[in-house]
Structure formats: C-alpha cells, structure tokens
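Hello,

Here is the structure we spoke of, for your files. My notes on what turned up follow below it.

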Amino acid sequence: MEANSKKDKNRSVSWRSFAIVALILCVIIALRYLGIGEKLGDLRQWIHEFGSLAPFVYVLIYIIAVVAALPGAAITIAGGALFGSVTGVILVSIGSTIGASLAFIIARYVARNAIVRRLSGNETFQKLDRMTEEHGAIIVAITRLVPIFPFNLLNYGFGLTKVPFGTYVFWSWLCMIPGTILYVVGTDAVVSGVSQGNVPWPLVAAMVAAGIVLFFLVKFARRRLHAKDDKKESL
C-alpha cells in the first residue's frame, strides 16, 4: 500500500511539473504567435491611462472579480504583465486579500442564509467544514498553499465555518503570497524574455526561490496536520 501511495505521489508531482512547463510554453506561444502580446500592450496602455490611479483601478477590478467568484488566475497573470514583479505581487496580494475578506464577511454576516442554501449540499464544502472544525487555522493555511479546494469556494465557505475573521485574513494573506509570487514573477519573466529576447535570470531565480519556499511551507503544514491527527488518535 505504501509503495502504491509513493508511486501515486511521484506520478502526481510529474504531472504537475509537466503542466507547469506546458503552461509556460503556451504563454510564450500565445505572446509571440497569437498576437496576445499586442493585446497585453493595449491593456497596459489602458490601465496606465489612469495615471497615478492605475494601481487602485487594478486592485478594485481584482476585488470585484474575487467577490463575484470569477477565476483569479487570469487577472493575477495580468498583474505581472502590467506592473512587473514587485508592484504586481503587492497589488495582487492586496486585491486578493481584500476580496477574500469581503467574501468572508458577506458569507458570515450579510447573505449567510442564501450561501448556506447554496453550499449545504456541496460535498466539497462539507469536507472543508469538517476539516476546519477538526484542525482550525492550519486548514486555512494548507488550503491557501495547496489548491485542494476552489479559491472562490474557500472565500465564502470559510465564512460559514467557526474560523475567526482575523485568523482567516492573516493566514489567507500569508499563505497566498508564495503562489502569488510564482504567478506574477513567472509571468513577468516570460513577458520580459519574449519582449527582450533573453532570459531574465533574476526573475527566474526569484520564481524558483518562491517555489522552494512554497514546497517547504506545504511540507511543514502537512506535518502539523498529521501531528494533530496522530495526537487525536492517541487520545
């Protein structure tokens, strides 16, 4: 059984690695051959027409997208293409945290009954609710580090659990940062590489460093989770 489990894990890691490489290749092809690079240039020009308000406009768009439960990957990638690595990471972090916090507040205080009706029969939410009740804040950290559940479900789902608002906001913000860096810096590296014709090694190094940090954070969080399970079993 253990051997099969290790094989499954190795196979999962291999597929994830392949998916990441394939995604990067698709982005490069799209930028170079499908004219998406020009569209990104138009989008960048439109955003920067707002002048000093451009970052605020982007953050507002991000917040609205999160609250509306729209996929966040596309707008996160756009942040790297529009603002570069440092500013992009900061803006995405602000937008995603505020959006997730508003969704939590809506679920807990504003439209709780409607969201309960919407999610009560959802098996994924039921699993999230059980795990949160058993393990508390560590589940917030793990689900932000590893995409076990859909991001949009988490934002509203956690509002229906017993997790304190401050705990939810802090761990959501902290544990979304490594993934944000991977997306934003990775996009900036690809865009810079295609537009300049060379490999932006500092950006690649930053992306690799973020990946390593994410790996060890996930490992630490899972170890804490298993430790709690073992402690409960011993009792």
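**Helix 7 and the cores**

Gly 136, which comes just after helix 7, has a positive phi of about 70°. Please keep in mind that this is a predicted model.

Phe 125, Leu 128, Met 131, Thr 132 and His 135 are its buried residues. Viewed down the axis of helix 7, these fall within an arc of 125°, so they line one face of the helix. Glu 123 and Glu 133 are exposed, on the face turned away from the buried side.

On to the nonpolar cores. The largest has 17 residues. Ile 47, Tyr 58, Tyr 62, Leu 82, Phe 83, Leu 91 and Val 92 are those with the most contacts inside it. At least two residues of this core come from each of helix 3 (54-67), helix 4 (73-83), helix 5 (85-110) and helix 10 (165-196). Helix 3 supplies the largest share, seven residues. There is also a second, separate core of twelve residues, with Ile 138, Ile 139, Leu 154 and Phe 158 among them.

Ser 93 lies in helix 5. Its relative accessibility is 10%, and the cut-off for buried is under 20%, so Ser 93 counts as buried. Leaving aside residues up to four places away in sequence, Ser 93 touches Trp 173, Ile 177 and Thr 180.

Regards

Methods: Residues numbered from 1 in each chain as written. Predicted model: local features only at pLDDT ≥ 70, side-chain atom pairs only at ≥ 80, totals over all residues. Heavy atoms only, no water. Buried < 20%, exposed > 50% of the residue type's maximum accessible area, 1.4 Å probe, protein only. Helix = DSSP H or I, 4+ residues; strand = E, 2+ residues; numbered from the N terminus. Arc of directions from axis to C-beta. Core = buried A, V, L, I, M, F, W, Y, C linked by side-chain atoms within 4.5 Å. Contact = heavy atoms within 4.5 Å.
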